[in-house]
Amino acid sequence: MNLTEMSFDDLMEEAYGLPGGKAKLELLEQAVRVADAAGDIDQGYEARSEIVELGSFHGYPMKALVAFSWQLGQYDKNPGRFDDYSLMWSYKWVLDRITAFADISRVQIENLLEDMKTRFAAEGYSSRTYHYYRAHILAELGELDASQAEWDIVQTMERDEMSDCQACEQHHLVEFLAKREDDEATVKAAEPILKGKMSCGEVPHVTITKVLFPLLRLGRQKEADKLQKKGYKLVKGNRDFLYHQGEHIGYLTLTDPIKALEVFEEYIASSLDHENPVDQMIFNAYSAKMFRRLAGESIRFQVKLPAGHPCEHQSGEVESLAKHFRQLALATAEKLDKRNGNAYYTTLLQQL
Amino acid sequence: MENQNRDTYRFQVNLSGMINILSNHLYSSPKVFLRELLQNGIDAITARQAYSSDGYEGKIHVEVSGTSTGATLLVEDNGIGLNEAEIHEFLAMIGQSSKRGEDFLSTNTSFIGRFGIGLLSCFMVSDDIVMVTQSAKGGPALEWRGKPDGTYTIRKLEGQYAPGTKVFLRCKEGSEAYFEEGNLQEWLFHYGALLPYPIQLVSDHTTRLINSQSPPWVKDPQLARKHREEVLAFGKQVLGETFRDFIPLHTTSGRTGGIAFILPQAVNLNAKRNHRVYLKHMLVSEAASNILPDWAFFVKCLIWTDELQPTASREHFYENAQLEQVREELGNSIRQELMRMAEYDPDRLQSIISLHALSMKALAAEDLSFYSIIHEWLPFESTFGRKPLGELKQHPPLYFTSTLDEYRQITHVASAQSMLVVNGGFIYDAELLSRLPLVDPDVKTERLLPEEVSLSFTDITPQERLDYYESVRLADSVLQKFRCQVQLRRFKPEEIPVLYTLSEESAQWRVLEATKEVSTDALSSVLGSLGATLKDAAYATLYFNLNNPVIGRAFHPAHQKMLPSIIEMLYCNALMMGHYPMNRQEIALLNKGIIQFIDWGLTASHVTGGDE
């Protein structure tokens, strides 16, 4: 196959046939190049729509952000040419992960939120989604009280076509309660999801890890163990769930550390070139914790690291691995805290 | 006399509504009435075997007479038969089923319950159904006659009948095809190919046996290996394709088995997976997609099982824990066989892999132990051509790129240097290459970045460095604004004057910069912030090849005046050759340069008259 000789349609067709991942991304990026070279805005828009979706749900949030930026610019320059509904929906995906990049300032994030609010209002949607994402973003910035205030507003408003599905909304609530470290409320809020009454493409995948630690602390390990097995199957193999794969490592470190090591080995490669710094940070932090735990064992571990990993030659030294991963995680946490103006993430890492 | 024995009843249901549901929503085609009748016969035979098994042999007899709307079909079994109470029971079941909806169909698998539904499906092709049945437990023979208007009669028959059930169907207008001999023969085989009882089809002209005794490898799929030709012939007959190889399937419980025929042609990752599944010997699905793991897209299977729960239409299976386990075990059968081949029959494995590398790679990416056993045969694209990994790993360290884009950037140069680089750009490849040391600790792999092809370049001599020092400095300053640095080297092939290489960061930075030009203010500012961190790392390199005679001349101090334009043009040319999108500034540069060179050319031509 010679990529450079393929037409836009061929590239797109081949891309549609692939599962979400790097190979698909590459085809789409090539399709963008072909479209741009031909000056075909519609094709460029189509291929970028796919990149936004792929990037948002398969672990390339930066690519999604860049492709979306191009789309929004073209949307403004060519009124009426593109579908507003799906573009506005993509806006939410982009905002969902925007706080993960420490280089993006608070002012810039605020500006984007306001921009979304204005655009949604212009299309006739309510400001509920704005408050909902504001609540999410504030929670990600570590301002839980301010986030709570937004949540309170959301509760009073009616859902509309731009609202996330009910399962996603319920999940966000669970996530928020977990951040508040309210174990009982977390488990309670997760109940409808865990019982299968609410589900969607990513729920309960992402919800399960949120209740594992609370259940363990509440003395309900049996339930937690069962959920962990179920949840792990759901997030297996998709790099978009690196954060949750990290949380599985964290939980297994407490209950079955050898299994935790297996999970680590499975995902270390995809964590290396992952685009989401927060997901990487959580993965690294739990990995560090696992290596500290393994260092206490009397057996010697030979850790399987992928080619080119900076610690390739220390694969038998779990203590130095613990240090390496901890430093990586801390470096990100410090950058995030500096941007956020608090000590939320460094404190979080210490508590893990 | 007759009236004494005949009672007229009404179904307690809206029968035409039921028939409509069955034919339009539940069953994929009216021809399933044959499956339902065969199923009724099998159930009756099974029940009779349980009742008394001395020398009894079950069989099914099908007879068609007359043509077009005058055609009548008889389907007869020598099973246990029904007594009056049971007839009322199955009719009651039909009544219940309409109230309980599909749940009833999916959960109730008792002989009697199924019988009623099966008979009901015949209304799809007939308005006049007569059933004559004699229970093996004694009592009078009974005749049941049903009409789609919801009325039926039951009549006690005089005389002695052999135990069993006969169902007579009179052809309904528009259903002629379902009473045609050729079709009947095909469809009966279609559903009943694996039935353990003989089915006989009789018409005015001939009597034929639809299915021979079910082969021994159906009971024990492992035996299939000893009956290779027979199994392949069976595959062709049932699946309509010519296969050359297969893998027997089995589960530990012994309740599910099958044959995975290896597709004779390569298939796409997203190709439909249509496996044919028999439940309790009867065909239930021709399109079961969820019975094998996702990676097994290189086989088409015949599977028989008695442990899975069919959905309401009885054409698919419920996704439950049982199915999950069966799927895993069937997948294991395939995996084990491939691993066995790697050890004892590598040629066979090789021929499978040559067609189905993608499927093998999908499995290898999922399962490290499988990968370790078959990795030597997996083909990868490289600067030495498409070669199996076993051969490629003889050239340590094994360089690979993680994307096609990176591979493209360096492939010409690497080939010309006889440098082995493996393309990790296609699906699963980079992942597998980076894991190679995990399955073979002796092999060293290294991810090659485009900027690292210079590893194999020849440095220029100290004298050359001195001679070209000023020119290189000048060139460097010209490209500074494009975050590109200049290197003077010697490399093959000499036809390539310049090579532009780009790190991942600089590639990303270029895209960010280009997008900033078209985006909104709020997002441009965000992209600017993201770019800021990349910027320092984002230097591209333009290698000038001194082996190329033009480059030698261009860098000669005598041409310093023209050099900036030459550098700019070669830079733009390198971007185009590498298929990089150019930003506004670069396009402007290219335009200016072309005009400049035309001007120079015309000036020179004016002096020489174009005869130079």
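A salt bridge is a side-chain nitrogen of Lys or Arg within 4 Å of a carboxyl oxygen of Asp or Glu. By that rule, B:Arg225, B:Arg228, B:Asp245, B:Glu337, B:Arg340, B:Asp345 and B:Arg348 are linked in a network of salt bridges. Welcome to this structure, which is a predicted model: local features need pLDDT of at least 70, side-chain atom pairs count only at pLDDT 80 or more, and totals for chains, interfaces and linings use all residues. Residues are numbered from 1 along each chain as its sequence is written, chains are lettered from A in the order in which they are written, and side-chain values use heavy atoms, with hydrogens and water left out.

**Where chain A meets chain B**

- Chain A brings 37 residues to the contact and chain B brings 35 residues, where contact means heavy atoms within 4.5 Å.
- About 3,300 Å² is buried between chain A and chain B, 64% of it on carbon and sulfur atoms; buried area is the accessible area (1.4 Å probe) that two parts lose on being put together, summed over both.
- On the side of chain A, the residues that lose the most area to chain B are A:Glu26, A:Arg33 and A:Ala307, together 15% of what that side buries.
- Two salt bridges are counted between chain A and chain B.
- A:Lys233 forms a salt bridge with B:Glu324, with the closest N and O atoms 2.8 Å apart.
- Ten residue pairs are in polar contact across the interface of chain A and chain B, both residues being at pLDDT 80 or more. A polar contact is a pair of N or O atoms within 3.5 Å; within protein, one must be able to donate a hydrogen and the other to accept it, and residues adjacent in sequence count only if both atoms are side-chain atoms.
- Helix H2 (22-37), helix H4 (61-77), helix H6 (106-122) and helix H14 (257-272) of chain A each supply at least two residues of the side that touches chain B. Helices (H or I, at least four residues) and strands (E, at least two) are DSSP runs, numbered from the N terminus.
- With eleven residues, H4(A) gives the most to the side of chain A that touches chain B.

**Salt bridges within the chains**

- Over all chains, a search of the whole structure finds 57 salt bridges.
- A:Arg134 and A:Glu110 form a salt bridge, their closest N and O atoms being 3.3 Å apart. This pair links distant parts of the chain, with A:Arg134 in helix H7 (residues 128-140) and A:Glu110 in helix H6 of chain A, 24 residues apart.
- A:Arg134 is buried at 15% relative accessible area, while A:Glu110 is partly exposed at 27%. Buried means under 20% relative accessible area, exposed over 50%, and partly exposed in between (1.4 Å probe, protein chains only).
- A:Lys210 and A:Glu247 meet in a salt bridge at 2.9 Å, N to O. A:Lys210 sits in helix H11 and A:Glu247 in helix H13 (residues 242-255) of chain A, 37 residues apart.
- A:Lys210 is buried at 8% relative accessibility, and A:Glu247 is buried at 6%.
- In chain B, the side chains of B:Arg490 and B:Glu464 meet in a salt bridge at 2.2 Å, N to O.

**A look at B:Asp245**

- B:Asp245, one of the residues in the network, lies in the loop between helix H9 (228-239) and strand E10 (246-250) of chain B.
- B:Asp245 counts as buried, at 9% relative accessibility.
- The side chains of B:Asp245 and B:Arg348 make a polar contact at 2.7 Å.
- Not counting residues up to four places away in sequence, B:Asp245 touches several residues, including B:Leu232, B:Phe261 and B:Ile352.

**Backbone features to look for**

- Most residues other than glycine have a negative phi, and most peptide bonds are trans.
- The peptide bond from A:Val203 to A:Pro204 is cis, with omega near 15°, and A:Pro204 lies in the loop between helix H10 (183-194) and helix H11 (205-217) of chain A.
- The peptide bond from B:Pro396 to B:Pro397 is also cis, with omega near -10°.
- B:Lys280 has a positive phi, near 45°, and lies in the loop between strand E12 (275-279) and strand E13 (282-288) of chain B.
- B:Ser418 has a positive phi near 55° and is exposed, with a relative accessible area of 57%.
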